[in-house]
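Please find below my notes on this model, as numbered points.

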Amino acid sequence: GAYIDGARLVTRDSSYGIGGGSVSHFVLAFVPNAKHNAWAVTVGILPYSNVNYNFVQNFKDTAIGPYSEQYTGSGSLYQVYAGGAYKVKGFSIGANLGYLFGKVVYQDNVLFPDSAYAYNTQTVTNVHINGFIYNVGVQYQRLIYHNRDDPDARRDIYAFFGAYGSSGATLRTKSSVFTERSYTNLNTTDSSLSVLDTLQSALTQKGSIKIPFNLGAGVMFGNEMFWMAGIDFKYANWQNYTTTLGNGGLSNSWQVSFGGQVTPKYDANSYLKRIQYRLGAYYGQSEINYAGNHL
């Protein structure tokens, strides 16, 4: 799978936009025994989270003149996982075990672009994260409409009820933090920064991140060979999220999603007709709160 996405954030006096794209996941799923297809196995690599921001706020002080504060973050976490499921009489139960890994970089700058004698400061935090996570799920499938006079199996309508969850996990972190001073070299054409010295350096500090429990449930109607439509709800207890990085203070999150998909002809020779075309929307409360306001 691959994706292209974009976002735009607007405040009272500024705005910020970002866009990007990448390969999102690689997954294999198969039935070990074709004669008894009650078992299924899946392995793959999935994205877990992504950090990508760059905020700048400008100030003007009567004593020292103009300066700006810049905050940037980048990095991604991925999970390699393996899972299995078992189905009997319309009921399915499954579980996935994954290994989470990745790196996130945070950078905070205080810049004095118009002064050759003021020292800029830059603090860079590199965080390596790894650990095991898991989730479990159950699903029930039931045929609710069947026309005996119509041989087309696409006309059958099914109802799907599902739920999933995880009790949370503790991830290991290794952090490296260093702070340096620099000055603006006005003698160059691009007014580049020249590093002066290092004020702080702390390498391979060990810590942990406790991610919260989460749960979800949903219902869908339709036929996977033709059309499907449904609604989903998920909740995460981010209020109990803890980290040694000092960036907690989150709230519990929830989200309601609804959407559907259409497959023009699942057994066609044309690839474009076999694709599942999907459209949906969601609304909810983020775990992030800013100045006491939930996003």
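1. K265 is partly exposed, at a relative accessible area of 39%; partly exposed lies between buried (under 20%) and exposed (over 50%), using a 1.4 Å probe and protein chains only. D267 is also partly exposed, with a value of 42%. These two residues form a salt bridge, their closest N and O atoms lying 3.0 Å apart. The term requires a side-chain nitrogen of Lys or Arg within 4 Å of a carboxyl oxygen of Asp or Glu. The structure holds one such bridge.

2. The model is predicted, so local features need pLDDT of at least 70 and side-chain atom pairs pLDDT 80 or more, while totals for chains, interfaces and linings use all residues. Residues are numbered from 1 along each chain as its sequence is written, and side-chain values use heavy atoms, without hydrogens and water.

3. The chain has 17 strands and one helix, taken as DSSP runs (E, at least two residues, for strands; H or I, at least four, for helices) and numbered from the N terminus. Its radius of gyration is 25 Å, well over the 19 Å given by the globule rule for 295 residues, so the chain is more spread out than a compact globule. The radius is taken over C-alpha atoms, and the rule is 2.2 Å times the number of residues to the power 0.38. The C-alpha trace spans about 85 × 40 × 35 Å along its principal axes.

4. Buried residues make up 25% of the 295 in the chain. Among contacts (heavy atoms within 4.5 Å) with a separation of 6 or more, 57% join residues 24 or more positions apart.
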